[in-house]
Amino acid sequence: MKKFIYFFFLCNFSTISFAQNFGLEFNGSDSKLELCHSDDFNVGENFTIEAWIYASNWRAEAWQGSIVAKDMQGPDSGFAFRAGKNGTLSLVIGVGAWPEVQTEPLMNKDQWYHVAGVKEGSTLQLYVNGQLTATGNVTGEPVDNMQTLQIGESPGFPGRAWDGFLDEIRIWNVARTAQEIADNQTTDFAGNEPGLVAYLPMNEGSGGVATNLSDNACSASIVESSWVEGYSIPDQDVGVTGVTAPDVISIFERPVKIRAEIQNFGTEAVSNIPVQVSINGLPAFTETFDITLPAGETAEVIFDQIVDLTDNNTNLLSIRTMHPDDGNNFNDSDL
């Protein structure tokens, strides 16, 4: 039977202004930040956690790469926000069991992403770069615990550690909306915003403490972590967010035109964008689109060349931007 396969890498950026900042590097074994216990960190009816993450290596499973965690057993309580398994994001809430919401493997190594997890009543949501990527449900009331909050490792399950960089940790006791998450990925907060119960911008750049601007008395002690440059967005960065046409039926029935959605992930406008089409792993043709794409904006491009794949049994179609000044090649392709 014929198969038509789309590989789709989902990545969306809606906010592009940012200030120079620092972050912290975690070695995947004994690096972590330790905060205090606070009742404000226990999961209630509504809850949001945000972070900028950069994986040097993905752990084999999503549950092994703790970003921010307050999880423990006996009974299962707290929460864990984590990622692994080839770029899979995960959030679990302890209710005496561990209901989980998890994305597909969406993220690359060696690239910064803004990630967020939201609990709104019984609904769980995950966001990657401001876009909703997974939803789930939690049944039962969250169980509180007295465990300290940790960044980069699980307090209740030692060894579930982050390998890479982390920056801009935020915890809210409200459910942030999709618009709020998308619009404020790069916003610098004061720490006293309504609902913001922990905010670690990690801009110190030296020393053994990462300040919690929402509560200085509950700042983080740094254990075996090193200061590094924080998240950054290239000036020039354009990539593919998906193939919009043809569909899986028409590609086998007749010659078709290919359409794709591209996005400017950088901080400056980009023009004259070469885009390459590959079929079954081999470059087929490249067209340059004479458009100017402002920072953060998307556009649909339609290739002039008509493609006839009616005689192929397996059609692996991929699209890749080829801009010569692109500062980040990890999101160029829809693979």
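Rings of Phe, Tyr and Trp (its six-membered ring) form a pair if their centres lie within 6.5 Å; planes under 30 degrees apart count as stacked, over 60 as edge-to-face and the rest as tilted. The model is predicted: local features need pLDDT of at least 70, side-chain atom pairs count only at pLDDT 80 or more, and totals for chains, interfaces and linings use all residues. Residues are numbered from 1 along each chain as its sequence is written, and side-chain values use heavy atoms, with hydrogens and water left out.

**Exercise 1. Classify the ring pair of W58 and W162.**

Solution. 
1. A search of the whole structure finds 11 aromatic pairs.
2. For W58 and W162, the ring centres are 6.1 Å apart and the planes stand at 80 degrees, so this pair is edge-to-face.
3. Strands (E, at least two residues) and helices (H or I, at least four) are DSSP runs, numbered from the N terminus. W58 is in the loop between β4 (46-55) and β5 (66-69), and W162 is in the loop between β12 (150-151) and β13 (163-172); the pair links distant parts of the chain, 104 residues apart.
4. Both W58 and W162 are buried. Buried means under 20% relative accessible area, exposed over 50%, and partly exposed in between (1.4 Å probe, protein chains only).

**Exercise 2. Classify the pair of W112 and F165, and state whether each residue is buried or exposed.**

Solution. 
1. The centres of W112 and F165 are 6.2 Å apart with 35 degrees between the planes, and the pair is tilted.
2. W112 belongs to strand β9 (residues 112-120) and F165 to strand β13; they are 53 residues apart, and the pair links distant parts of the chain.
3. W112 has 11% relative accessibility and therefore counts as buried.
4. F165 has a relative accessible area of 17%, so F165 is buried.
5. Ring pairs join W112 and F165 with Y54 in a cluster.

**Exercise 3. Which ring does R160 lie over, and which does R176 lie over?**

Solution. 
1. A charge sits over a ring if NZ of Lys or CZ of Arg is within 6 Å of the ring centre and within 35 degrees of the ring normal.
2. R160 lies over the face of F157, 4.2 Å from the ring centre.
3. R176 lies over the face of W172, at 3.8 Å from the ring centre.

**Exercise 4. Summarise the protein as a whole.**

Solution. 
1. The secondary structure comes to 2 helices and 23 strands.
2. Of the 335 residues, 56% count as buried.
3. The C-alpha trace spans about 65 × 40 × 35 Å along its principal axes.
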